[in-house]
Each structure stands twice: as structure tokens, then as C-alpha cells.
Amino acid sequence: MHVHYFSEIQRSLNFTTELTQFGMFECAPSLASPSPSPSTAAESLGFLKLREFNVAGLFRTSRKSLVLRNASLIDNCSLNFRKCFKAIKANEDSHSSSIHNCAAFNGNNLRQISNVGKSTNILWHDCPIQKHDRQQLLQQKGCVIWLTGLSGSGKSTIACALSRSLHSRGKLTYILDGDNIRHGLNRDLSFRAEDRSENMRRIGEVAKLFADAGIICIVSLISPYQKDRDECRALLPEGDFIEVFIDVPLQVCEARDPKGLYKLARAGKIKGFTGVDDPYEPPCSCEIILQHKGSDCMSPSDMAEIVISYLEEKGHLRA
């Protein structure tokens with residue numbers, strides 16, 4: 001009788017060792033003596049409980065004797081383990097075809113591994129939830145509204161008015177303001193021409209992600225160079241990049257000078273300031289122009305409504 005139980009216990013412990021590889025056990029305090037043995041190894045890892053019943057149900061009282069804690073369970077240990085193994089095997093078999101069809105597991109799509117810039121051996125990973133699904137959820141179409149113009153033209157003010165008006169209509173927006181982005185993501189960039197291009201590239205890539213998320217992304221950025229704006233436009237599908245030129249004359253912007261930057265630039269304390277000693281290239285073919293006409297200047301809310309009318313016409317405010 002004792003030999004029978006000892007054999008069952010030994011088989012159970014062998015199965016315990018194998019099952020540890022599957023991570024199927026819950027932890028329990030070790031009851032083993034310091035002497036090295038299969039049960040000690042299993043117990044020291046806390047592998048004593050499987051799906052709410054004791055696996056071994058035993059503890060060692062001396063180096064030479066085993067005392068049975070739950071004898072009624074021991075006879076069924078091997079059978080239960082084998083059933084568990086069969087269930088795991090069946091589950092693995094049912095998913096084998098899908099696993100083998102996955103490039104991440106079988107490497108069949110290694111030809112899609114690519115090098116982009118300085119990044120090597122990278123692979124684009126698709127998700128079953130796509131832009132269309134997110135747009136259906138939000139009941140709007142993701143896009144980028146790119147506000148460009150001189151410093152002091154009112155870009156940030158119009159961006160906030162536009163976001164507020166869209167929010168009141170139940171539409172989700174996010175503003176990427178040039179100065180705000182330089183507080184974090186682009187704080188390592190100066191205002192030299194090459195850094196300004198990199199500033200725009202990064203913001204363009206972030207704006208693309210927002211649009212892909214189904215969000216109406218509003219970019220407020222001087223973005224003085226046509227080439228850089230065109231490159232940002234090329235990141236998005238046709239119709240999803242809406243360039244808005246805030247056409248306010250330099251003298252009006254300089255008279256406003258909300259940050260006092262024109263005064264510093266004229267005094268030579270700021271170098272490479274757009275409109276003073278660095279050029280601004282007006283858009284060649286933007287979607288919207290918000291123009292300052294003499295003393296008759298529209299309010300930011302009125303300008304925002306012009307943009308919203310365009311969005312409604314092009315279907316961006318519905319899924």
C-alpha cells in the first residue's frame with residue numbers, strides 16, 4: 001500500500017516538474033525540508049496548487065518519511081494531470097493554423113523587414129482595428145488642419161476658437177501648438193533653418209498619428225517654408241491635410257507683437273526671426289485663406305466658422 005502511494009506521489013512530482021514549464025501553478029508557501037529532492041524543488045517554487053486543488057497534498061516531516069495530507073486526491077493526480085495536458089494540447093492544436101499563418105511566429109514575412117533612415121531591421125505591425133473603425137466610433141473623420149502664418153497673425157487664438165467650436169458640436173480635436181511642442185518633444189531644436197525643418201517633420205508625424213486615430217488635429221505653427229509644409233502634406237492621404245493660411249500683413253503682426261519678439265528682432269537680439277531676417281513663403285495652393293482686410297478684421301470665432309464650414313462640406317464631421 002505504501003509502495004503504491006509512493007509511486008503515485010513520485011509520478012505526481014514528475015508531472016509537477018513538467019507542468020512548471022507551462023506556468024499553470026499558483027504559488028503556495030513552501031513546506032519542504034531543506035534537503036534537496038524533487039518535492040523540495042517543486043515546493044520551493046511554490047508549485048503546490050493547480051486550479052483550486054492541491055497537486056501533491058503532502059509535506060515532509062523528516063528526511064525519510066512522507067506524510068499524506070489529502071490521500072483522497074493522490075490517486076487521481078496522474079489522471080488529472082493527463083487531462084490537463086490533453087486540454088492544453090487540444091487548445092494548441094486548435095490555434096496552430098492561425099499561429100503558423102502569423103508572420104511574427106513563423107518568419108514568412110521576413111522580406112517585409114525594412115530599413116528606414118537610421119532604423120534597421122524593423123517591421124510594420126498591423127492591428128485589426130483600423131482608422132475607419134475609430135472614425136465610426138467617434139463619428140468624424142480624422143484630419144490635420146494646418147494653420148500657417150507669421151508670428152502674431154493669430155494662429156494660436158484661431159486654433160483655440162476652432163477647437164472650442166468643434167468641441168461644442170461633439171467633435172474630438174487636439175491642438176499641436178508650435179511653442180507648446182518646443183516645451184517638450186522639440187526642446188532640443190533651435191530656430192536655425194535645419195532645426196525648423198526637423199521641428200515641422202516631427203510635428204507632421206505626430207499630427208499624422210492623431211489623424212489616424214480619427215481625431216481632428218489642429219496644428220498652429222509658423223511653418224515658414226513651402227517645402228516643409230508640402231512634405232507634411234505628403235504624409236497624409238489626399239484630402240486629410242487642410243492648409244489654412246492666416247494672411248495678415250507683416251506690419252499688422254509687428255504692431256500686435258504679443259510676445260515682444262519683433263522688437264527684439266529689430267534690435268538684433270534675436271537672429272533668424274521670420275519676417276525680419278528670415279523669409280516666410282506664403283502657401284501656393286492652400287485649402288483656406290483667412291485674410292485680414294484693413295480695419296475690418298474678422299473675429300477668431302468667425303474665422304473658425306469658415307474652417308468648420310469647409311469641414312462640413314468635405315464630410316469630415318461625419319463618419
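**Ground rules**

The model is predicted, so I kept local features to pLDDT of at least 70 and side-chain atom pairs to pLDDT 80 or more, while totals for chains, interfaces and linings use all residues. Residues are numbered from 1 along each chain as its sequence is written, and side-chain values use heavy atoms, with hydrogens and water left out.

**Entry 1: salt bridges**

I began with a search of the whole structure, and it returned 15 salt bridges (a side-chain nitrogen of Lys or Arg within 4 Å of a carboxyl oxygen of Asp or Glu).

I then looked up Arg169, whose side chain meets that of Glu305 in a salt bridge at 3.2 Å, N to O. Arg169 sits in the loop between helix 7 (155-168) and strand 8 (173-177) and Glu305 in helix 13 (residues 300-313), so this pair ties together parts that are 136 residues apart in sequence. Helices (H or I, at least four residues) and strands (E, at least two) are DSSP runs, numbered from the N terminus.

How exposed is Arg169? Arg169 is partly exposed, with a relative accessible area of 37%, and Glu305 is also partly exposed, at 31%. For the cut-offs, buried is under 20% relative accessible area, exposed is over 50%, and partly exposed lies in between (1.4 Å probe, protein chains only).

My next pair was Arg192 and Glu194, joined by a salt bridge at 2.9 Å, N to O. Arg192 counts as partly exposed at 49% relative accessibility.

Glu243 and Arg229 form a salt bridge too, with their closest N and O atoms 2.7 Å apart. Glu243 belongs to strand 10 (residues 241-247) and Arg229 to helix 10 (residues 226-234), so the pair links parts that are 14 residues apart in sequence. Are these two buried or exposed? Both Glu243 and Arg229 are buried.

I also noted a network: Asp188, Glu198, Arg201 and Arg202 are joined by salt bridges that share partners.

**Entry 2: strand 9**

I turned to strand 9 (residues 216-220), where five of the five residues are buried, so the strand is largely enclosed by the rest of the structure.

Then I checked its neighbours; two strands pair if DSSP finds at least two bridges between them. Strand 7 (residues 143-148) pairs with strand 9 in the parallel sense over five bridges, and Cys143 has Ile216 as its bridge partner there. Strand 8 also runs parallel to strand 9, joined by five bridges. Ile175 stands opposite Ile218 of strand 9.
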